[in-house]
Amino acid sequence: MVDSSWFDAACRRIPGGVNSPVRAFGAVGGTPVFMQRGEGAYLYDVEGRSYIDYVGAWGPMIVGHAHPSVLEKIKNTVAQGICFGTPHPLETEMAEKLCQLVPSLEKVRLVNSGTEAAMSAIRLARGVTARDRIIKFAGCYHGHADALLVQAGSGALTHGVPSSPGVPASTVEHTEIAQYNNAEEVRAIFSDRGDQIAAIIVEPIAGNMGCVLPEPGFLEALRDCCDRYGSLLIFDEVMTGFRVGPGGAQQRFGITPDLTVLGKIIGGGLPVGAFGGRAELMEQLAPLGPVYQAGTLSGNPVTMAAGLATLDLIGQDGFYEALGDCAARLVQGLREQADAHDVSFEAVEATGMFGIFFTSGGPVRCYADVQACRAEDYRLFFHHLLKQGIYLAPSSYEAGFLSSAHTQEEIDRTVEAAGTAFDAVRHENQ
Ligand SMILES: *Cc1c(COP(=O)(O)O)cnc(C)c1O
(Lines give C-alpha, C1' and ligand atoms only; values in the text may rest on other atoms or scores of the structure.)
Protein backbone atom coordinates (compact mmCIF):
# COMPACT_ATOMS: atom_id res chain seq x y z
CA MET A 1 0.00 0.00 0.00
CA VAL A 2 1.03 3.56 -0.64
CA ASP A 3 1.98 5.47 2.50
CA SER A 4 -0.57 8.30 2.52
CA SER A 5 1.32 10.49 5.02
CA TRP A 6 3.10 12.34 2.20
CA PHE A 7 -0.19 13.20 0.57
CA ASP A 8 -1.83 14.09 3.89
CA ALA A 9 1.00 16.55 4.61
CA ALA A 10 0.66 18.09 1.14
CA CYS A 11 -3.10 18.45 1.55
CA ARG A 12 -2.64 20.51 4.70
CA ARG A 13 -0.89 23.28 2.78
CA ILE A 14 -1.60 22.81 -0.94
CA PRO A 15 -5.19 22.81 -2.24
CA GLY A 16 -6.00 19.18 -3.01
CA GLY A 17 -2.37 18.31 -2.29
CA VAL A 18 -1.37 19.07 -5.89
CA ASN A 19 -0.10 22.02 -7.90
CA SER A 20 -2.02 21.00 -11.01
CA PRO A 21 -5.37 19.17 -10.81
CA VAL A 22 -4.47 16.39 -13.29
CA ARG A 23 -1.97 15.05 -10.75
CA ALA A 24 -4.70 14.25 -8.24
CA PHE A 25 -6.30 10.81 -8.37
CA GLY A 26 -9.81 12.28 -8.46
CA ALA A 27 -10.79 10.35 -11.59
CA VAL A 28 -9.39 6.98 -10.47
CA GLY A 29 -9.61 7.15 -6.67
CA GLY A 30 -6.82 6.36 -4.24
CA THR A 31 -3.78 8.35 -3.18
CA PRO A 32 -1.33 10.02 -5.60
CA VAL A 33 2.12 8.43 -5.62
CA PHE A 34 4.94 10.75 -4.50
CA MET A 35 7.88 10.38 -6.83
CA GLN A 36 11.43 10.96 -5.68
CA ARG A 37 13.54 10.29 -8.71
CA GLY A 38 13.38 9.52 -12.42
CA GLU A 39 15.81 7.75 -14.68
CA GLY A 40 15.23 6.75 -18.29
CA ALA A 41 11.80 5.17 -18.67
CA TYR A 42 11.35 4.78 -14.91
CA LEU A 43 10.09 6.79 -11.95
CA TYR A 44 10.93 5.81 -8.35
CA ASP A 45 8.60 6.71 -5.51
CA VAL A 46 9.52 7.94 -2.05
CA GLU A 47 9.54 4.36 -0.81
CA GLY A 48 11.85 3.15 -3.56
CA ARG A 49 9.31 1.31 -5.72
CA SER A 50 9.90 1.65 -9.48
CA TYR A 51 7.36 2.38 -12.19
CA ILE A 52 7.51 2.29 -15.97
CA ASP A 53 6.42 5.85 -16.70
CA TYR A 54 3.84 6.55 -19.42
CA VAL A 55 3.12 10.11 -18.27
CA GLY A 56 6.51 11.63 -19.03
CA ALA A 57 5.70 14.73 -16.94
CA TRP A 58 2.66 15.15 -19.25
CA GLY A 59 4.78 15.47 -22.37
CA PRO A 60 8.21 17.07 -21.96
CA MET A 61 10.31 14.01 -21.10
CA ILE A 62 10.65 12.58 -24.61
CA VAL A 63 14.27 11.51 -24.09
CA GLY A 64 13.47 9.93 -20.73
CA HIS A 65 14.24 11.15 -17.21
CA ALA A 66 17.62 12.52 -16.19
CA HIS A 67 19.19 12.07 -19.61
CA PRO A 68 22.96 12.58 -19.10
CA SER A 69 23.44 15.08 -21.93
CA VAL A 70 20.46 17.19 -20.79
CA LEU A 71 21.79 17.21 -17.22
CA GLU A 72 25.26 18.14 -18.38
CA LYS A 73 24.07 21.05 -20.49
CA ILE A 74 21.92 22.33 -17.60
CA LYS A 75 24.86 22.10 -15.18
CA ASN A 76 27.24 23.93 -17.49
CA THR A 77 24.71 26.68 -18.12
CA VAL A 78 23.67 27.14 -14.50
CA ALA A 79 27.30 27.53 -13.49
CA GLN A 80 27.42 30.75 -15.51
CA GLY A 81 24.41 32.33 -13.82
CA ILE A 82 20.73 31.54 -13.79
CA CYS A 83 18.96 34.49 -15.32
CA PHE A 84 20.03 37.87 -16.76
CA GLY A 85 16.93 39.71 -17.96
CA THR A 86 18.85 40.64 -21.11
CA PRO A 87 19.16 39.00 -24.50
CA HIS A 88 21.58 36.06 -24.48
CA PRO A 89 22.89 33.61 -27.09
CA LEU A 90 20.95 30.49 -26.03
CA GLU A 91 17.55 32.04 -26.71
CA THR A 92 18.58 33.00 -30.25
CA GLU A 93 19.89 29.48 -30.72
CA MET A 94 16.55 28.09 -29.57
CA ALA A 95 14.55 30.43 -31.84
CA GLU A 96 16.78 29.51 -34.79
CA LYS A 97 16.34 25.81 -34.11
CA LEU A 98 12.55 26.04 -33.77
CA CYS A 99 12.27 27.96 -37.05
CA GLN A 100 14.45 25.39 -38.81
CA LEU A 101 12.42 22.45 -37.54
CA VAL A 102 8.79 23.65 -37.60
CA PRO A 103 7.66 24.43 -41.16
CA SER A 104 5.41 27.43 -40.44
CA LEU A 105 7.78 29.34 -38.17
CA GLU A 106 9.72 32.38 -39.35
CA LYS A 107 9.82 34.17 -36.02
CA VAL A 108 9.09 32.95 -32.54
CA ARG A 109 8.61 34.43 -29.07
CA LEU A 110 9.57 32.39 -26.00
CA VAL A 111 7.40 32.42 -22.88
CA ASN A 112 7.05 30.41 -19.67
CA SER A 113 4.13 28.04 -20.21
CA GLY A 114 1.84 26.64 -22.86
CA THR A 115 -1.00 28.57 -21.24
CA GLU A 116 0.84 31.84 -21.71
CA ALA A 117 1.78 30.99 -25.29
CA ALA A 118 -1.80 30.11 -26.30
CA MET A 119 -3.19 33.21 -24.59
CA SER A 120 -0.64 35.41 -26.37
CA ALA A 121 -1.26 33.79 -29.77
CA ILE A 122 -4.98 34.52 -29.38
CA ARG A 123 -4.24 38.13 -28.48
CA LEU A 124 -1.98 38.49 -31.51
CA ALA A 125 -4.59 36.94 -33.81
CA ARG A 126 -7.24 39.30 -32.49
CA GLY A 127 -4.86 42.23 -32.77
CA VAL A 128 -3.85 41.65 -36.38
CA THR A 129 -7.34 40.77 -37.66
CA ALA A 130 -9.12 43.44 -35.59
CA ARG A 131 -11.76 40.78 -34.83
CA ASP A 132 -12.79 39.28 -31.48
CA ARG A 133 -14.36 35.89 -32.16
CA ILE A 134 -12.43 32.64 -31.92
CA ILE A 135 -13.42 29.03 -32.48
CA LYS A 136 -12.15 26.21 -30.29
CA PHE A 137 -13.09 22.53 -30.16
CA ALA A 138 -14.72 20.67 -27.30
CA GLY A 139 -12.14 18.49 -25.56
CA CYS A 140 -9.14 20.42 -26.86
CA TYR A 141 -7.11 22.07 -24.10
CA HIS A 142 -5.08 25.21 -24.65
CA GLY A 143 -4.13 26.06 -21.09
CA HIS A 144 -6.24 27.88 -18.54
CA ALA A 145 -6.44 31.45 -19.86
CA ASP A 146 -9.93 32.88 -19.30
CA ALA A 147 -10.98 33.11 -22.96
CA LEU A 148 -10.14 29.43 -23.45
CA LEU A 149 -11.85 28.01 -20.37
CA VAL A 150 -15.06 27.45 -22.23
CA GLN A 151 -17.53 24.67 -22.76
CA ALA A 152 -20.40 24.32 -25.18
CA GLY A 153 -23.51 26.21 -24.13
CA SER A 154 -27.05 25.06 -24.81
CA GLY A 155 -28.09 24.63 -28.43
CA ALA A 156 -29.60 28.09 -28.61
CA LEU A 157 -26.31 29.83 -27.83
CA THR A 158 -23.79 30.61 -30.54
CA HIS A 159 -21.05 31.18 -27.98
CA GLY A 160 -19.62 29.02 -25.21
CA VAL A 161 -20.15 29.34 -21.47
CA PRO A 162 -17.39 29.56 -18.85
CA SER A 163 -16.17 26.14 -17.73
CA SER A 164 -15.00 27.56 -14.39
CA PRO A 165 -16.39 29.97 -11.83
CA GLY A 166 -14.32 33.13 -11.92
CA VAL A 167 -14.37 33.39 -15.70
CA PRO A 168 -16.75 36.23 -16.61
CA ALA A 169 -19.36 35.31 -19.22
CA SER A 170 -18.30 38.48 -21.03
CA THR A 171 -14.78 37.03 -21.42
CA VAL A 172 -15.96 33.94 -23.26
CA GLU A 173 -18.81 35.47 -25.21
CA HIS A 174 -16.50 35.67 -28.22
CA THR A 175 -15.42 32.03 -28.00
CA GLU A 176 -17.38 29.50 -30.04
CA ILE A 177 -17.22 25.77 -29.43
CA ALA A 178 -17.34 23.19 -32.21
CA GLN A 179 -16.99 19.40 -32.23
CA TYR A 180 -13.60 17.94 -33.17
CA ASN A 181 -13.61 16.29 -36.59
CA ASN A 182 -16.84 18.05 -37.57
CA ALA A 183 -15.84 20.18 -40.57
CA GLU A 184 -19.48 20.79 -41.53
CA GLU A 185 -20.16 22.56 -38.26
CA VAL A 186 -17.14 24.83 -38.75
CA ARG A 187 -18.18 25.64 -42.31
CA ALA A 188 -21.65 26.56 -41.08
CA ILE A 189 -20.22 28.95 -38.46
CA PHE A 190 -18.04 30.58 -41.10
CA SER A 191 -20.80 30.97 -43.65
CA ASP A 192 -22.90 32.70 -40.99
CA ARG A 193 -20.28 34.98 -39.41
CA GLY A 194 -16.85 34.20 -40.88
CA ASP A 195 -16.02 37.90 -41.18
CA GLN A 196 -16.09 38.18 -37.37
CA ILE A 197 -13.72 35.29 -36.69
CA ALA A 198 -10.16 36.18 -35.73
CA ALA A 199 -8.89 32.61 -35.44
CA ILE A 200 -9.51 28.92 -35.08
CA ILE A 201 -7.36 27.30 -32.40
CA VAL A 202 -7.00 23.52 -32.58
CA GLU A 203 -4.83 20.66 -31.38
CA PRO A 204 -3.93 19.12 -34.76
CA ILE A 205 -3.85 15.75 -32.99
CA ALA A 206 -5.95 16.06 -29.86
CA GLY A 207 -4.02 14.94 -26.78
CA ASN A 208 -6.16 16.22 -23.94
CA MET A 209 -9.12 13.88 -24.45
CA GLY A 210 -7.06 10.75 -24.71
CA CYS A 211 -5.43 10.78 -28.14
CA VAL A 212 -7.82 11.58 -30.99
CA LEU A 213 -6.56 11.78 -34.57
CA PRO A 214 -7.94 14.27 -37.06
CA GLU A 215 -9.89 12.56 -39.82
CA PRO A 216 -8.72 13.11 -43.40
CA GLY A 217 -10.01 16.47 -44.60
CA PHE A 218 -10.73 17.98 -41.17
CA LEU A 219 -7.60 20.12 -40.79
CA GLU A 220 -7.73 20.93 -44.53
CA ALA A 221 -11.26 22.27 -44.05
CA LEU A 222 -10.11 24.51 -41.20
CA ARG A 223 -7.29 25.86 -43.37
CA ASP A 224 -9.74 26.49 -46.19
CA CYS A 225 -12.28 28.35 -44.01
CA CYS A 226 -9.55 30.58 -42.58
CA ASP A 227 -8.17 31.36 -46.05
CA ARG A 228 -11.56 32.28 -47.42
CA TYR A 229 -12.56 34.57 -44.56
CA GLY A 230 -9.21 36.13 -43.65
CA SER A 231 -9.05 34.35 -40.28
CA LEU A 232 -5.91 32.86 -38.75
CA LEU A 233 -5.40 29.16 -38.16
CA ILE A 234 -3.60 28.47 -34.87
CA PHE A 235 -2.16 25.01 -34.28
CA ASP A 236 -1.64 24.33 -30.60
CA GLU A 237 1.33 21.96 -30.81
CA VAL A 238 2.30 22.22 -27.14
CA MET A 239 1.82 18.47 -26.96
CA THR A 240 2.32 17.30 -30.56
CA GLY A 241 5.37 19.50 -31.25
CA PHE A 242 8.45 17.25 -31.53
CA ARG A 243 6.35 14.32 -30.29
CA VAL A 244 4.56 13.15 -33.43
CA GLY A 245 7.53 13.95 -35.67
CA PRO A 246 10.42 16.41 -35.92
CA GLY A 247 8.24 19.18 -37.38
CA GLY A 248 5.11 18.46 -35.36
CA ALA A 249 1.66 17.59 -36.67
CA GLN A 250 1.83 20.37 -39.27
CA GLN A 251 4.68 18.58 -41.01
CA ARG A 252 3.05 15.19 -40.60
CA PHE A 253 -0.15 16.37 -42.30
CA GLY A 254 1.39 18.94 -44.62
CA ILE A 255 -0.80 21.81 -43.42
CA THR A 256 0.64 25.21 -42.64
CA PRO A 257 -0.98 27.13 -39.79
CA ASP A 258 -0.61 30.91 -39.48
CA LEU A 259 0.47 30.68 -35.84
CA THR A 260 1.89 27.75 -33.86
CA VAL A 261 1.89 27.33 -30.10
CA LEU A 262 4.64 25.24 -28.52
CA GLY A 263 5.73 24.18 -25.03
CA LYS A 264 6.62 21.05 -23.06
CA ILE A 265 9.42 19.29 -25.02
CA ILE A 266 11.17 22.55 -25.97
CA GLY A 267 11.92 23.17 -22.28
CA GLY A 268 13.25 19.68 -21.63
CA GLY A 269 11.25 19.53 -18.36
CA LEU A 270 11.70 23.14 -17.24
CA PRO A 271 8.85 25.71 -17.51
CA VAL A 272 8.45 26.91 -21.10
CA GLY A 273 6.15 27.97 -23.91
CA ALA A 274 6.58 29.58 -27.31
CA PHE A 275 4.46 30.91 -30.14
CA GLY A 276 5.47 31.83 -33.62
CA GLY A 277 4.51 32.15 -37.26
CA ARG A 278 5.10 34.28 -40.31
CA ALA A 279 7.42 37.23 -39.72
CA GLU A 280 4.79 39.72 -40.84
CA LEU A 281 2.41 38.50 -38.09
CA MET A 282 5.03 38.18 -35.34
CA GLU A 283 6.29 41.68 -36.06
CA GLN A 284 2.97 43.02 -34.81
CA LEU A 285 4.17 42.17 -31.28
CA ALA A 286 5.78 44.72 -28.96
CA PRO A 287 8.37 46.20 -29.28
CA LEU A 288 7.98 46.26 -33.09
CA GLY A 289 4.21 46.41 -33.18
CA PRO A 290 1.23 47.39 -31.03
CA VAL A 291 0.21 43.97 -29.60
CA TYR A 292 1.57 43.79 -26.06
CA GLN A 293 3.28 40.72 -24.63
CA ALA A 294 6.09 40.38 -22.07
CA GLY A 295 7.74 38.13 -19.44
CA THR A 296 10.43 38.52 -16.76
CA LEU A 297 11.72 34.96 -17.01
CA SER A 298 10.98 34.36 -20.71
CA GLY A 299 13.80 32.68 -22.63
CA ASN A 300 15.52 31.71 -19.37
CA PRO A 301 19.04 30.39 -20.10
CA VAL A 302 18.69 27.22 -18.02
CA THR A 303 15.41 26.35 -19.69
CA MET A 304 16.92 27.02 -23.11
CA ALA A 305 19.82 24.73 -22.23
CA ALA A 306 17.53 21.87 -21.25
CA GLY A 307 15.41 22.39 -24.34
CA LEU A 308 18.34 22.62 -26.75
CA ALA A 309 19.92 19.47 -25.37
CA THR A 310 16.58 17.68 -25.82
CA LEU A 311 16.15 18.96 -29.39
CA ASP A 312 19.68 17.80 -30.21
CA LEU A 313 18.81 14.28 -29.10
CA ILE A 314 15.60 14.09 -31.10
CA GLY A 315 17.56 15.13 -34.18
CA GLN A 316 19.52 11.89 -34.13
CA ASP A 317 18.94 9.46 -36.98
CA GLY A 318 16.12 7.02 -36.43
CA PHE A 319 14.79 8.73 -33.29
CA TYR A 320 11.15 8.89 -34.42
CA GLU A 321 11.24 5.50 -36.16
CA ALA A 322 12.24 3.86 -32.88
CA LEU A 323 9.63 5.84 -30.93
CA GLY A 324 6.93 4.93 -33.44
CA ASP A 325 7.92 1.24 -33.37
CA CYS A 326 7.54 1.23 -29.59
CA ALA A 327 4.14 2.90 -29.80
CA ALA A 328 2.93 0.47 -32.46
CA ARG A 329 4.13 -2.52 -30.43
CA LEU A 330 2.39 -1.24 -27.30
CA VAL A 331 -0.90 -0.44 -29.00
CA GLN A 332 -0.93 -3.74 -30.87
CA GLY A 333 -0.10 -5.67 -27.70
CA LEU A 334 -2.85 -3.94 -25.72
CA ARG A 335 -5.44 -4.63 -28.43
CA GLU A 336 -4.52 -8.31 -28.49
CA GLN A 337 -4.76 -8.59 -24.71
CA ALA A 338 -8.13 -6.84 -24.71
CA ASP A 339 -9.40 -9.23 -27.40
CA ALA A 340 -8.04 -12.25 -25.56
CA HIS A 341 -9.91 -11.17 -22.44
CA ASP A 342 -13.04 -10.18 -24.31
CA VAL A 343 -12.96 -6.51 -23.32
CA SER A 344 -14.15 -3.96 -25.90
CA PHE A 345 -11.34 -1.49 -26.21
CA GLU A 346 -9.65 0.82 -28.69
CA ALA A 347 -6.05 2.02 -28.78
CA VAL A 348 -4.48 4.57 -31.12
CA GLU A 349 -0.96 5.86 -31.46
CA ALA A 350 0.76 8.87 -33.00
CA THR A 351 4.50 8.12 -32.80
CA GLY A 352 5.37 9.37 -29.29
CA MET A 353 1.86 9.38 -27.85
CA PHE A 354 -1.06 6.99 -27.55
CA GLY A 355 -4.65 6.83 -26.39
CA ILE A 356 -6.57 3.96 -24.84
CA PHE A 357 -10.35 3.90 -24.74
CA PHE A 358 -12.78 1.53 -23.08
CA THR A 359 -15.30 2.13 -25.81
CA SER A 360 -17.99 -0.14 -27.15
CA GLY A 361 -18.98 1.95 -30.12
CA GLY A 362 -16.41 2.19 -32.90
CA PRO A 363 -13.71 4.80 -33.37
CA VAL A 364 -13.35 7.74 -30.98
CA ARG A 365 -13.62 10.93 -33.06
CA CYS A 366 -14.64 13.71 -30.68
CA TYR A 367 -15.18 14.67 -27.06
CA ALA A 368 -18.69 13.17 -26.89
CA ASP A 369 -17.20 9.80 -27.94
CA VAL A 370 -14.57 10.07 -25.19
CA GLN A 371 -17.22 10.93 -22.61
CA ALA A 372 -19.15 7.80 -23.61
CA CYS A 373 -16.21 5.54 -22.66
CA ARG A 374 -16.35 3.39 -19.52
CA ALA A 375 -14.53 5.41 -16.85
CA GLU A 376 -14.99 2.66 -14.27
CA ASP A 377 -13.11 0.18 -16.47
CA TYR A 378 -10.27 2.64 -16.85
CA ARG A 379 -10.15 3.08 -13.07
CA LEU A 380 -9.74 -0.68 -12.56
CA PHE A 381 -7.20 -0.98 -15.36
CA PHE A 382 -5.16 1.93 -14.00
CA HIS A 383 -4.94 0.52 -10.46
CA HIS A 384 -4.10 -3.00 -11.62
CA LEU A 385 -1.20 -1.64 -13.65
CA LEU A 386 -0.08 0.71 -10.88
CA LYS A 387 0.18 -2.25 -8.51
CA GLN A 388 2.44 -3.94 -11.05
CA GLY A 389 4.73 -0.92 -11.29
CA ILE A 390 3.30 0.70 -14.40
CA TYR A 391 2.32 4.36 -14.22
CA LEU A 392 -0.43 5.51 -16.58
CA ALA A 393 -2.11 8.91 -16.35
CA PRO A 394 -4.61 8.94 -13.47
CA SER A 395 -7.47 9.87 -15.82
CA SER A 396 -8.99 8.33 -18.92
CA TYR A 397 -9.03 11.79 -20.52
CA GLU A 398 -5.24 11.91 -20.86
CA ALA A 399 -2.95 10.63 -23.57
CA GLY A 400 -0.06 8.28 -22.80
CA PHE A 401 3.52 9.24 -23.56
CA LEU A 402 6.56 7.28 -24.62
CA SER A 403 10.20 8.26 -24.55
CA SER A 404 13.32 7.11 -26.35
CA ALA A 405 14.29 5.37 -23.10
CA HIS A 406 11.36 2.94 -23.44
CA THR A 407 12.54 -0.31 -25.02
CA GLN A 408 10.86 -3.53 -26.09
CA GLU A 409 11.49 -4.84 -22.60
CA GLU A 410 9.33 -2.16 -20.96
CA ILE A 411 6.65 -2.47 -23.63
CA ASP A 412 6.45 -6.25 -23.32
CA ARG A 413 6.28 -6.10 -19.54
CA THR A 414 3.46 -3.57 -19.83
CA VAL A 415 1.50 -5.68 -22.30
CA GLU A 416 1.87 -8.73 -20.09
CA ALA A 417 0.69 -6.81 -17.02
CA ALA A 418 -2.23 -5.45 -19.05
CA GLY A 419 -3.43 -9.03 -19.49
CA THR A 420 -4.19 -9.36 -15.78
CA ALA A 421 -5.69 -5.87 -15.74
CA PHE A 422 -8.07 -6.67 -18.64
CA ASP A 423 -8.95 -9.89 -16.86
CA ALA A 424 -9.96 -7.90 -13.78
CA VAL A 425 -12.04 -5.55 -15.95
CA ARG A 426 -13.87 -8.47 -17.54
CA HIS A 427 -14.61 -10.07 -14.15
CA GLU A 428 -15.97 -6.82 -12.79
CA ASN A 429 -18.30 -6.48 -15.75
CA GLN A 430 -19.72 -10.01 -15.50
C1 LIG B 1 -0.13 21.22 -21.74
C2 LIG B 1 -0.86 21.95 -22.81
C3 LIG B 1 -1.08 23.33 -22.74
C4 LIG B 1 -0.74 24.15 -21.51
O5 LIG B 1 0.60 24.18 -21.26
P6 LIG B 1 1.11 24.59 -19.76
O7 LIG B 1 2.58 24.66 -19.89
O8 LIG B 1 0.61 23.49 -18.86
O9 LIG B 1 0.47 25.89 -19.44
C10 LIG B 1 -1.65 23.97 -23.82
N11 LIG B 1 -2.01 23.27 -24.91
C12 LIG B 1 -1.85 21.95 -25.01
C13 LIG B 1 -2.24 21.24 -26.26
C14 LIG B 1 -1.28 21.23 -23.96
O15 LIG B 1 -1.16 19.91 -24.06
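These legends describe close-up views of a predicted model.

**View 1. An open sheet has four strands.** The strand order is E1-E2-E3-E15. Pairing in this sheet is mixed. Two strands sit at the edges: E1, residues 35-39, and E15, residues 390-391. Each edge strand pairs on one side only.

**View 2. Strands E1 and E2 run antiparallel.** Strand E2 covers residues 42-45. Four bridges join E1 to E2. Look for Arg 37 here: Tyr 44 in E2 stands opposite this residue.

**View 3. A cis peptide bond links Ala 286 to Pro 287.** The omega angle of this bond is about 10°. Where does Pro 287 lie? Pro 287 is in the loop between helix H9 and helix H10. H9 spans residues 279-282, and H10 spans residues 301-314.

**View 4. Ala 57 has a positive phi.** The value is near 55°, in a residue other than glycine. Ala 57 belongs to the loop between strand E3 (50-53) and helix H2 (68-78). Its relative accessibility is 41%, so Ala 57 counts as partly exposed. The partly exposed class runs between the buried cut-off, under 20%, and the exposed cut-off, over 50%.

**View 5. Ala 66 also shows a positive phi.** Here phi is near 50°, and again the residue is other than glycine. Ala 66 is found in the loop between E3 and H2. Is Ala 66 buried, exposed or partly exposed? Ala 66 counts as partly exposed because its relative accessibility is 36%.

Terms used: Residues are numbered from 1 along each chain as its sequence is written. This is a predicted model: local features need pLDDT of at least 70, side-chain atom pairs count only at pLDDT 80 or more; totals for chains, interfaces and linings use all residues. Side-chain values use heavy atoms; hydrogens and water are left out. Two strands pair if DSSP finds at least two bridges between them. Buried means under 20% relative accessible area, exposed over 50%, partly exposed in between (1.4 Å probe, protein chains only).
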